[in-house]
Amino acid sequence: MRKGVAVSPGIAVGTAYCANKLFLPPASPSAGEVDIQAELSRYEAARWRAEEDLIAIQQKAEQQLSPSDAAIFDVHRAILCDASLIDRVHEGIIRHEMTAQGALHHSLEVYSEAFSKFNDSYLRERLTDIRDVIQRVERHLQNDSVEADEVLLANPVILVVDELLPSQVVGIDALKVRGIVTRCGSETSHAAIVARGLGIPAVSGIEDILEVVKTGDHLVVDGREGLVIIDPDAEAQAAYLKLEREFFDFKDHLVENRDLPAETADGVSIELLANVNSVSDAEAAGAMGATGIGLFRTEYLYLTHPTVPGEEEQVQLYIDVIKAAPDHRVTIRSIDLGGDKTLPFLNRRHRESNPFMGWRSIRLCFEHPNFLQPQLRAVMRAAAVARELGGDVRLMFPMITTLEEIIEVKRVVREAQAQLDAEQKPYARVPLGMMLEVPAAAISIDLMLEEVDFVSIGSNDLVQYLMAADRDNPKVAHLCQPLAPPVLQILKNVIRACLDAGKPVTLCGEMAGHTMSYAVLLGMGLRSFSMSPALIPYIKEFARHLSIATAESIAQQVLTLRTIREVRTYLADELARLVPDFEKFKIS
Ligand code: PEP
Ligand code: MG
């Protein structure tokens, strides 16, 4: 058995098909005497054929996937036509007398080097898209049929690959590929997003998978727990086959539930909101049954931008997200840069040895004149449009640590409003909230509540700061646990304080989409949960099985337990007893 990262839920049982050779890049061509004009023409012809492919793949994707998932291939076409990539290849051919293929390969190496410096996994994954496009053009240069590598297999298999590129996932017929296991990749990779969209269970990040599995081996892929079982015995195989069948029925059932209201077993309404990074995520949120966007991570606009994006550009982006969002309800978070998200144009004067505890988030915004003011103005201007649409925009600030920071943020907001008044630009005042992700702020929550309109608990950071365990370091993953008793105590206190003060409270960390945590949080009085869009159907279904009274008694009991193991064991047993299908939609 191997443990990896669960990237697409569900169970698949089948025969392994190790496709590492199928997807290997072509051999690196050497530079040499070349006919420059001929190489330029070959490159143009290959690019043109690659674009034709992408148009065809996109049409196929639009039939198989949601429009937002299919939009990945818009990105691929944009990469294909990207002026800097074309210039780089031309330069390789003209100045360095490389073949078209050599120049393309060299460009890929340059991008790989540049992207490897990003700490942010979302950005690192974007290199996969560039590689996908470059390999497509390379194959046309070699006159290979690109279609041939899109898996056309006779029998349903579990695909085992080094890395799966997004266009390859779409080439896979969902009926012929039951499950996917990859050595590379993470929850945020596009291939993972597409696999989730197609409903193919997938597990990523198993280092030695291609060494321990060969074509023909029996495999079980457990995309809920991130497990791969190699050559299971007859009993395990039968048990998992049953689970696989149930998973298919269950998925059909989840689709039917999408338009039902989100409520508990005793009919109490809950809010299931989506965490998004972009307009296409906002569209996906609606398709998954979210009732609004609980966290819009605006820093991704900055991370994918060559300079600081201007106010007008921001207004347009926020309007696009508001228009795409369910009920036009969006909680926008001011940029949360620093930590693992650094920018080339940020011009840091010194390297920080502790970036997560350093100059990040609101701390950085206060000092960077280009950040806070234009963003506040853009959000308030976009909020006026949301209001016309009958929607609702809220603005929240990450990593608030002290009361002074909230007071300062509010001063800057007033300043922005005065400017907009003076310029006679239409805008709307928006509720101002804080993200509760620093233990110091949790301890002084009562004071903080006097100054903010709402609270959103960022449990990903809160847990790492509380447990002094880096959220991205697998060595301390056993400590960075949202179900640790001290974390639960703090969460209980914060939720209680917000409810007593009559201030709306949401939790937008990953734990909101995990069934065990959901049960405890519901029992502590939380009614608003914001999560990855793909998890919303699961939590909506799970919620319908659990009443408030039951959740309250679970939370009470959990708060008496002493260790993480005790908490997890109790919840697993109790929920399996209470919710007959618990195993099926357990995410973590
Ligand atoms: C969090 O910290 O829980 C959160 C939602 O913010 P991010 O994951 O973007 O840091
Ligand atoms: Mg955070």
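Figure 1. Arg 297 is buried, its relative accessible area being 15%; buried denotes under 20% relative accessible area, exposed over 50%, and partly exposed in between (1.4 Å probe, protein chains only). This residue belongs to strand β10 (residues 293–297). Helices (H or I, at least four residues) and strands (E, at least two) are DSSP runs, numbered from the N terminus. Leaving aside residues up to four places away in sequence, Arg 297 touches Asn 275, Val 276, Asn 277, Arg 333, Asn 460 and Glu 510, a contact being heavy atoms within 4.5 Å. Arg 297 and Ile 332 are separated by 35 residues in sequence and by 7.0 Å in space, C-alpha to C-alpha. The model is predicted, and local features need pLDDT of at least 70, side-chain atom pairs count only at pLDDT 80 or more, and totals for chains, interfaces and linings use all residues. Residues are numbered from 1 along each chain as its sequence is written, chains are lettered from A and ligands numbered from 1 in the order in which they are written, and side-chain values use heavy atoms, with hydrogens and water left out.

**Figure 2. The magnesium ion (ligand 2) and its protein donors.** Glu 437 (OE) and Asp 461 (OD) coordinate the ion at 2.1 to 2.3 Å. Donors are N, O and S atoms within 2.8 Å of the metal (3.2 Å for Na, K and Ca); water is not among the atoms, so sites may look incomplete. The pair links distant parts of the chain, 24 residues apart: Glu 437 lies in the loop between β13 (432–436) and α17 (439–443), and Asp 461 in helix α19 (residues 459–467). Both Glu 437 and Asp 461 are buried.

**Figure 3. Packing of helix α11 (residues 279–287) with helix α13 (residues 311–324).** The two axes come within 8 Å and cross at roughly 10°; axes are lines fitted to C-alpha atoms, for helices over the stretch in contact, and angles run from 0 to 180 degrees between N-to-C directions. The helices α11 and α13 are therefore roughly parallel to each other. Angles under 35 degrees count as roughly parallel, over 145 as roughly antiparallel, 65 to 115 as roughly perpendicular and the rest as oblique. Val 279, Ala 282 and Glu 283 of α11 make the contact with Leu 317, Asp 320, Val 321 and Ala 324 of α13. By class, this contact comprises five nonpolar, no polar and two charged residues. Ala, Val, Leu, Ile, Met, Phe, Trp, Tyr, Cys and Pro count as nonpolar, Asp, Glu, Lys and Arg as charged, and the others, Gly among them, as polar.

**Figure 4. Packing of helix α21 (residues 515–523) with helix α24 (residues 564–578).** Here the axes come within 10 Å and cross at roughly 90°, which makes α21 roughly perpendicular to α24. Thr 515, Met 516, Ala 519 and Val 520 of α21 meet Arg 568, Leu 571, Ala 572 and Leu 575 of α24. The contact divides into six nonpolar residues, one polar and one charged.

Figure 5. Most residues other than glycine have a negative phi. Met 399 is located in the loop between β12 (392–397) and α16 (403–422) and counts as buried at 2% relative accessibility.
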